[in-house]
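Here are my notes on the two-chain model, as numbered points. Please read them with the structure open.

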Amino acid sequence: MKHLLATADLDRAGATQLLDTAMSLQQNLLGKQVRKLPTLRGRTVITVFYENSTRTRVSFELAGKWMSADVVNVSAGGSSVGKGESLRDTALTLAAAGADCVVLRHPASGAAHRLAEWLDGTGTAVVNAGDGMHEHPTQALLDAATLRERLGDLDGRRVAIVGDVLHSRVARSNVHLLSALGADVVLVAPPTLLPVGVESWPVTVSHTLDAELSELDAVMMLRVQAERMHGAFFPSAREYARSFGLTEARAAALPDHAVVLHPGPMLRGMEIASTVADTPSSAITEQVRNGVHVRMAILYHLLAAATEEDET
Amino acid sequence: MAPPSRGADRTAGQPAPRELLTADDVARTIARMAHQVIEKTALGSPAASDVVLLGIPTRGATLAARLAERIAIFSGVDVPYGTLDITLYRDDLRNHPTRPLEPMEVPGGGVDDRVVILVDDVLFSGRSARAALDALGEHGRPRAVQLAVLADRGHRELPIRADYVGKNLPTARDEEVSVLLEEVDGRDAVLLVRPHGDDATGEAEQE
């Protein structure tokens, strides 16, 4: 693995390997007095965030630090980006400064792919930490890790992804990854919040959440991304919550073993009722915890072993 | 992506390996090591301290379980055992394709203030033992750490020696020693594999 840009690039074997590594790392750190592995000593990870983030950024930083990598955080606000530097020049600067891995979050879809092209030949790995409305592969991997922890093998499991699929990179990444892992994915959303071309995705589409609930092994609620909405996608927030929010009544209609996921940040009362977010079936805090282990696994696979250039 | 496998399949396509220890020899050797552990740690006596066996995957973990079983039969003391994955502590990670991680299981009660006996199949460069010491240090502070190996084949690269050695096997550096165990490989044996012209893998054993 040279970069991690999209879950669409991962096959079942590759994804399973990453998830197994994440599980081993979790087991490895369990009960340790010192949560520090020497594995990535001398490696440098630079996170570059052109969009706000708490979870992703913190967990990448922790993942790197727990494996003894040097982690440097760059945010668009405090960097030369504010002076008008292009993404390409920023990338080349970071590579020249000695980054072994660049973790990029960017509002433009495809930004991580472009970065990987520009850095081709420098030996710097690129991890996509969310690019516009395209993909957020590390989030999908931590969702899958959480589901595997709760449900075991995902083969044949039915997972609904509910809400603003159109603007959601989390949904796209999860559709590819979950179907690669053998799960049946149902997208539940109003027609206005489904992307063009959804017919060609390996999913079934539904417009009524209530009809799906009793069959589900897991339900993933998406945040309504008001910052990306420049138009009327639904009449009102209250109406959206009534039709597509995970209310207490809907949570009660789920099978007992069903898992509730939310990639965060949550809008309590909008897509998920506050009480539902805090029930035992909700795995939202486990998602955050698994996020660190999954990102450690990604850094391990990208940085610990011999690079392809070394081998040839 | 898989690391060079350690065991029966590694010998495929190479000249017939020489059997250094038969299944009976392996059983006798483990029994003798169990007696040595009991004697050296004074197991069963009132003054004895708690002993924990930690095997280094894959075959060291199997050996640790077998040693614990023998020790229980000979001394009546149940010694807790587990596995210690050292992959993340290796100093040769960057010379290999990605190594998959192994299971990790430290027995309840941890390692603090106990005598930890690390168990591995072959002692070679000593680098695995060094990595194991590092890995162990993050689980706590044992009272003492000892090393038990089924076979010592020499060629140390670090100042490390074993406290319990099943069998000393003088080897040439380019030879390979393979420990086979029933639970992993279907039979017990210790084999010496000689490199042979073009068939030699050139993959130096890392243990």
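1. A term first: two strands count as paired if DSSP finds at least two bridges between them. In this predicted model, strand E1 (residues 44-49) of chain A is joined to E2(A) by six bridges, and the two run parallel.

2. Four strands make an open sheet in the order E2-E1-E3-E4, with parallel pairing. Its edges are strand E2 (70-75) and strand E4 (125-131) of chain A, each pairing on one side only. From one strand to the next, the twist averages 15°.

3. Now helix H5 (residues 137-151) of chain A. Its 15 residues reach 21 Å from first C-alpha to last, close to the 21 Å expected at 1.5 Å a residue. After H5(A) comes Gly152(A), with a positive phi near 80°.

4. Is H5(A) largely enclosed or open? Eleven of its 15 residues are buried, so H5(A) is largely enclosed by the rest of the structure. The cut-off behind this is 20 or more other C-beta atoms within 10 Å of a residue's own.

5. Which helix packs on H5(A) at about 115°? The partner is helix H11 (residues 284-304) of chain A, with the two axes 8 Å apart. The crossing of H5(A) past H11(A) is right-handed.

6. From H5(A) come Thr138(A), Leu141(A), Leu142(A), Asp143(A), Ala145(A), Thr146(A) and Glu149(A). They meet Glu286(A), Gln287(A), Asn290(A), Gly291(A), Val294(A), Arg295(A) and Ile298(A) of H11(A). By class, the contact of H5(A) with H11(A) holds five nonpolar, five polar and four charged residues. As background, an α-helix has 3.6 residues a turn, so residues three or four places apart point the same way.

7. Ser24(A) sits in helix H1 (residues 12-29) of chain A. With 21 other C-beta atoms within 10 Å, Ser24(A) is buried, because the cut-off is 20 or more. Ala297(A) is 273 residues away from Ser24(A) in sequence, yet their C-alpha atoms are 9.0 Å apart in space.

8. Chain B has four helices and eight strands. From the N terminus on, its elements run β-α-β-α-β-β-α-β-β-β-α-β. Of the 207 residues in chain B, 42% are buried. Among its contacts between residues at least 6 apart in sequence, 71% join residues at least 24 apart.

9. One sheet of chain B is open and has three strands in the order E1-E8-E7, with antiparallel pairing. The edge strands are strand E1 (18-21) and strand E7 (176-180) of chain B. Neighbouring strands of this sheet are turned by 30° against each other on average, direction ignored. Five bridges join E7(B) to strand E8 (residues 189-193) of chain B. Val177(B) has Leu192(B) as its bridge partner in E8(B).

10. Last, the interface. In it, 17 residues of chain B are in contact with 17 residues of chain A. The chain B side divides into eight nonpolar, five polar and four charged residues.

Methods: Residues are numbered from 1 along each chain as its sequence is written. Chains are lettered from A and ligands numbered from 1 in the order in which they are written. This is a predicted model: local features need pLDDT of at least 70, side-chain atom pairs count only at pLDDT 80 or more; totals for chains, interfaces and linings use all residues. Axes are lines fitted to C-alpha atoms, for helices over the stretch in contact, and angles run from 0 to 180 degrees between N-to-C directions. A crossing is left-handed if the near helix is turned anticlockwise from the far one by less than a right angle, and right-handed if clockwise. Two residues are in contact if their C-beta atoms, placed from the backbone, lie within 7 Å. Ala, Val, Leu, Ile, Met, Phe, Trp, Tyr, Cys and Pro count as nonpolar, Asp, Glu, Lys and Arg as charged, and the others, Gly among them, as polar. The expected span of a helix is 1.5 Å times one less than its number of residues. A residue is buried if 20 or more other C-beta atoms lie within 10 Å of its own, exposed if 12 or fewer, and partly exposed in between; C-beta atoms are placed from the backbone.
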